[in-house]
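Student: I would like to go through this model term by term and check each label against its cut-off.
Tutor: Then let us begin with the strands.

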Amino acid sequence: MIGKDEPYDAIVVGSGITGGWAAKELCERGLRTLVIERGRHVEHGKDYVTEWLKPWQLAHRGRGEQEVYERDYPIQSKNYAFGEATRHFFVSDREHPYVTPEDKPFRWIRGYQLGGRSLIWGRACWRWSDLDFTANARDGHGVDWPIRYADLAPWYDHVERFVGVSGERLGLAHLPDGEFLPAWEMNCAESVVKRGIERAFPGRHMTLTRVANLTQAHLGRGPCQARNQCARGCSFGGYFSSLSATLPAAQKTGRLTVVTDAIVHSVIYDERRDRATGVRVIDAKTGATREYFGQIVFLCASTLATAQILLNSKSPRFTTGLANSSGEVGHNLMDHISKAGARGVVPGLEDKYVYGRRPTGTYIPRFRNLGARGDAKVGFLRGYGIQAGAGREGWARGADEPGLGIELKQRLREPGPWQVSLQGYGECLPRHENSVDLDPARTDPSGMPLLRVHCAWGENERAIREDVKAQSAQMLEAAGCREVATWDDDGPPGFSVHEMGTVRMGKDPKTSVLNAYNQAHDVPNLFVTDGACMASSSCVNPSLTYMAITVRAVDHAVSELQRRNL
Amino acid sequence: MTPHPPDAPDAIDRREALRRTALVLAGLVAGCEARRAPAAGWRPRVLDTDQAEMVATIAEHILPETGTPGARAVGVHRFIDAMVAESYPEEERRQFLTALAAFDGGAFLARSASDQVAFLGELDRAADPFFRSLKELTLVGYYTSEIGATRELQYAPLPGRYDGCVPLAQIGRTWAV
């Protein structure tokens, strides 16, 4: 039996953004650590096979093969980062099925490879605040977080120092500042919009998105080359990923072992010792099963996959899934609403342009329900932030306008008007009925029980959506934009790729799965630190918080291990 | 903020001189191609020879040769043939080929060049869906070609940094990407 002779100090399931962090921290704290990745091996640099291709070197010039997309990638191809140059970092939906009710689509975006979705993520890095960590307690939705901002603050520092986050300090309590590299620059049109919004709406701000793209060299990585093609992979290490940053750091300790093409089937639980003792995996290439053993297990497989593994880890004590005495495993699934906002044209600035392709945009932090006495009555709970960006129209505008011949060609030599677009990202309430479970009969091609997702937006999310559109339009009007119009490409849950919450943290073992240190209430040496652990969704991008939560949990796990409590 | 001219070293060295010569030669070769499309050695996958010629002619009317090569010279018709053959789902492929077969009642290539332009202009102003789809494919094929991106427009494969507000004159042209 392969693996039996290798009892590791720690097993980490998944090599994405949290698995990479868990591996780095565990290795650096002296633990011999095994990382198990279900996808293929990807080598930083060498395997970024499309990185240097120019537009004319792509067989279909970036338009890809629509027929193949419809057949094999009907869900993945809807993601903004999917394309001819990045398809190999997304799964085939055909080969990796899950099921949803007919009337409740859920878009699960996945990347099965070493580094996971850290290769293709959006890279926004915002801290959450006590406005977020106290939200459930204040309005009664979900269960109270067992932690507050003060618990995470030093770990945010720790994570930001290593990641390299560029951004501006704003001094806002609800969007705490961190340790930043110099921010990217606003373009001329964004500066105009910013001034207009901030003048018309005191208390509202527009800032550069805090982003894990290095504006200067950092710890031997970067700087970012301003190509804005991150999802192809970046051999400069210009953006943070498990492959550019955390796994190399773990490797350097000499304590890391990585196994790829190994699908974790379940966590092995020893009822006599009341401990997780390892994991059972299915070899993705041969279908054979084998086991790995370790003293502690970190599940970092991603929100839905981690729930799937726990639900599939059944034993006489845990008949509905490991660590599931609360019955909450698989429940309270959340995402962010997005794909709605407003657009407009910024007049003038015809003689201005940009150099380079900034790999991020700008952001209007939350301004609704901030808990101040003067808060406007808005008809919904929680809030949203707005991602904003402006740029001049390029040659593609010619397709939609009349015009032919020399006149058209000359016209498209010059860029078009400055377009600005605002898109809201809104908080989703935790609801028990938004959930995943396992199909009792059917399995996916790997042999795992088929995951069923039941998730839909509720009234509060719909109300936020409407306010996003109305406020976005008002702000653009106030900033002097022309042709202002709202837009709404209503996307099903999952679309924002911020899915979280299926294995929530909480104070009470009866209503939550994990304690304040992401330790399963039921199984002390089992930790869950990916998006599954989240008790609420905030309205800001969650990855940085997953990272901070992971390193905090590792710190606790290592201390407990040293005290022989695990 | 004084950006370097994108995709060009500070001084024209020998390699750059060679590169430019190669581009000029490519233009000449393309110019030959323009007079006898489809070029020898290339066989369309879904279009027949007349259809390939018609697509090349339409594309050239949309983006003609000026100081820089036009759509025919960069092989936009090849790109369109490849897209319809390899990318389009079955139903869209069928619709495209049906519309192409019916285009102008089959009389398009027999028209004089000025007649062709007038006819296409009418379709364009009426936002004829099939013509507009040809127009879009032409734009994509042209501006993502090496000549379209680097000679007609401006292209920087490795910008190195971002400046958010520079005089347009400093860049000169629309960015291809």
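Tutor: Two strands pair if DSSP finds at least two bridges between them, and strands are DSSP runs of E with at least two residues, while helices are runs of H or I with at least four, both numbered from the N terminus. This is a predicted model, in which local features need pLDDT of at least 70 and side-chain atom pairs count only at pLDDT 80 or more, whereas totals for chains, interfaces and linings use all residues. Residues are numbered from 1 along each chain as its sequence is written, and chains are lettered from A and ligands numbered from 1 in the order in which they are written.

Student: What makes strand β12 (residues 362-364) of chain A and β13(A) a pair?
Tutor: They are joined antiparallel over 3 bridges, and the requirement is at least two. Tyr363(A) stands opposite Gln387(A) of β13(A).

Student: Which residue of β14(A) is the bridge partner of Ile386(A)?
Tutor: The partner is Gly424(A). Strand β14 (residues 418-426) of chain A runs antiparallel to β13(A), with 9 bridges between them.

Student: Why is strand β13 of chain A called largely enclosed?
Tutor: A residue is buried if 20 or more other C-beta atoms lie within 10 Å of its own, exposed if 12 or fewer, and partly exposed in between, with C-beta atoms placed from the backbone. In β13 (residues 384-392) of chain A, 9 of the 9 residues are buried, so the rest of the structure largely encloses this strand.

Student: How do you know that both faces of β13(A) are covered?
Tutor: Tyr384(A), Ile386(A), Ala388(A), Ala390(A) and Arg392(A) on one side are buried, and so are Gly385(A), Gln387(A), Gly389(A) and Gly391(A) on the other. In a regular strand, side chains alternate between the two faces of the sheet.

Student: Is Gln57(A) buried or exposed?
Tutor: Gln57(A) has 12 other C-beta atoms within 10 Å, so it is exposed. This residue lies in the loop between β2 (33-36) and α2 (66-72) of chain A.

Student: Why are α5(A) and α11(A) called roughly perpendicular?
Tutor: Axes are lines fitted to C-alpha atoms, for helices over the stretch in contact, and angles run from 0 to 180 degrees between N-to-C directions. Under 35 degrees counts as roughly parallel, over 145 as roughly antiparallel, 65 to 115 as roughly perpendicular and the rest as oblique. The axes of α5 (residues 149-163) of chain A and α11(A) come within 8 Å and cross at roughly 105°. The two helices are therefore roughly perpendicular.

Student: What makes a set of residues a nonpolar core?
Tutor: The members are buried Ala, Val, Leu, Ile, Met, Phe, Trp, Tyr and Cys residues joined through C-beta atoms within 7 Å. The largest such core has 162 residues, and Ile11(A) and Val297(A) are among those with the most contacts inside it. Helix α11 (residues 543-562) of chain A gives the largest share, 10 residues.

Student: Why does this core lie between domain 1 and domain 2 of chain A?
Tutor: Both domains give residues to the core, so it lies between them. Domain bounds come from an automatic or database domain assignment. The centres of the two domains, taken over C-alpha atoms, are 32 Å apart.

Student: How many residues of each chain form the contact between chain B and chain A?
Tutor: Two residues are in contact if their C-beta atoms, placed from the backbone, lie within 7 Å. The contact takes 49 residues from chain B and 43 residues from chain A. On the chain B side, α6(B) gives the largest share, 7 residues.
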